[in-house]
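Biologist: Could you walk me through the pockets and the ligand site in this one?
Modeller: Gladly; here is the structure, and we can go through it together.

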Amino acid sequence: MAIEASPPSMFSPWPDRLRHAAIILLVAALALATLVFFGELTPLRAVIVFACIAGAALVPWRLHDSDAARDEALVNPVEQPAVRAVVGGIPDPAVLLDRAGRVIHLNAAAEQLAPALRKGELAQFALRSPEIISALREAIANTEPRRTSYVDHVPVDRWMDLMITPVSVPTAFGGTDTCMLMTFHDQTPIRRVEEMRADFIANASHELRTPLATLSGFIDTLQGPAKDDAKARERFLGIMHTQASRMARLIDDLLSLSRVELSAHVRAEALIDILPIIRQVGDSLELLATERGVKIEMHLPDGPVFVAGDREELLRLFENLIENALKYGASGGRVEVTLAPASTTDGASEIRVSVRDFGPGIAPEHLPRLTERFYRVDVGDSRAQGGTGLGLSLVKHILNRHRGRLLIESVPKNGATFTAAFPQAKVAGKSA
Ligand code: ADP
């Protein structure tokens, strides 16, 4: 069924009433004119009788309409405020149409989705997507629910689901008719999460497959051509050990990431003094620092400094930041770890732990992507350093769980500063 350009609305009672009155008056006028024509009635009497008939036809109608509110209730139940409130209360964009496809009610979300939609106008003029129009036609023609999906390209790509449901409504004359309730559901966030999940699995498999392929290759070589070569065996076993450790590190990081994500909604509440944690991480990385020729300088208060948090996660966080500074900023020969109080732009107190290196720094275009899983500025360099590409992602998730934030500043050729900012913890009624 095609939607007509301007079909009659099923809810307007005025044409019927006017038509009835007009027919009565026309018949009366004809009858009186005939009587006058044959001399049975004087014109004056005919006019008086016509006035009486006109009064009888029109006065009850006017009286009936004097109570506007009552008339509104009788005339058009579907336009009542209660129906408008129901449509308005639907959280997704929702539009109620009459059987002709004309808008009766629409909620604020629908106005935002399709600003061209107007009450009393045909929805097809405002919703131009062919999928919507054909679903609407089918739903109206068959009085059946219809579901369709389409992509809205303006202002940005959005994947939308549309459900059209026929709704039976009472009419002003005691019968029922059918309206169409259109509800839209934005599927874009779900699509994006699905894409991210697929990317993540592809990345994780690729990262695991690379060392696995190396291991299989060396196993084949050791079983075949290098079977009796003791020197080659020693060298290959060393490489195999490195690759196996890389796989283990990757699995460790993946598990840590999923653990932190699982508990993201549970606030870490234990009061932890972070100074011993930072010192412990510094001590454990001393060997790596010596190997790379880097000096770790700690600028810490005498303490204690409390943060509401999880000890193991805080250890992982500082380990990742300081290890990255030692790995990627080694050429600067120095890494500074500083703890200082600060305040946010809206005046809240924070504790900031910054890890600064004096290495090559990071080009500005990489900064916004550093905390994405598997994102590396230089994949070869990261692999050579034993990196998994998950460290900063883990740092970001740990900080999210601690209601903190990660600040990254870098000037290429002049080092990088990674700052973990934590909200100031309240200790026994006062700030730590
Ligand atoms: P990875 O396991 O590769 O170290 P991360 O998530 O910890 O993964 O870091 C992501 C990337 O960010 C690194 O591969 C590196 O390119 C860059 N990066 C991190 N820290 C620094 C730093 N202090 N200086 C320069 N680049 C850094």
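Biologist: Let's start with the second largest pocket; what volume of space lies in it?
Modeller: The second largest pocket holds about 350 Å³ of space. On a 1 Å grid over the protein atoms alone, a pocket is an open set of points with protein on both sides within 12 Å along at least five of seven lines, whereas a cavity is a set where a 1.4 Å probe fits but cannot get out, and lining residues have an atom within 4 Å of a point. Grid points are joined across faces, edges and corners, and a volume is the space filled by probe spheres set on the points.

Biologist: Before we go on, what sort of model is this?
Modeller: It is a predicted model, in which local features need pLDDT of at least 70 and side-chain atom pairs count only at pLDDT 80 or more, while totals for chains, interfaces and linings use all residues. Residues are numbered from 1 along each chain as its sequence is written, and side-chain values use heavy atoms, with hydrogens and water left out.

Biologist: Which helix gives the most to the lining of that second largest pocket?
Modeller: Helix 8 does, with six residues; helix 8 spans 188-223, and helix 14 also supplies at least two. Helices here are DSSP runs of H or I with at least four residues, and strands are runs of E with at least two, numbered from the N terminus.

Biologist: And where does the second largest pocket lie relative to the domains?
Modeller: Domain 3 (190-262) and domain 4 (266-432) both contribute lining residues, so the second largest pocket lies between them; the domain bounds come from an automatic or database domain assignment.

Biologist: OK, what about the largest pocket, how many residues line it?
Modeller: It is lined by 37 residues, with Asn-324, Lys-327, Tyr-328, Ser-382 and Leu-392 nearest its centre, and its volume is about 770 Å³. Helix 12 provides the largest share of that lining, nine residues, and domain 3 and domain 4 each give at least three.

Biologist: How do the residues of that lining divide by class?
Modeller: There are 14 nonpolar, 11 polar and 12 charged residues, where Ala, Val, Leu, Ile, Met, Phe, Trp, Tyr, Cys and Pro count as nonpolar, Asp, Glu, Lys and Arg as charged, and the others, Gly among them, as polar.

Biologist: Switching to the ligand, which residues are closest?
Modeller: Of the 18 residues that surround the ligand, the closest are Tyr-328, Ser-382, Thr-388, Gly-389 and Leu-392, a residue being near if one of its heavy atoms lies within 4 Å.

Biologist: Which backbone or side-chain atoms lie by its oxygens?
Modeller: A polar side-chain atom of Asn-324 is 2.8 Å from a ligand oxygen, a polar backbone atom of Thr-388 is 2.7 Å from a ligand oxygen, and a polar backbone atom of Gly-389 is 2.8 Å from one. The ligand has 530 Å² of accessible area on its own, and the protein covers 96% of that, with areas from the Shrake-Rupley method and a 1.4 Å probe.

Terms used. A polar contact is a pair of N or O atoms within 3.5 Å; within protein, one must be able to donate a hydrogen and the other to accept it, and residues adjacent in sequence count only if both atoms are side-chain atoms.
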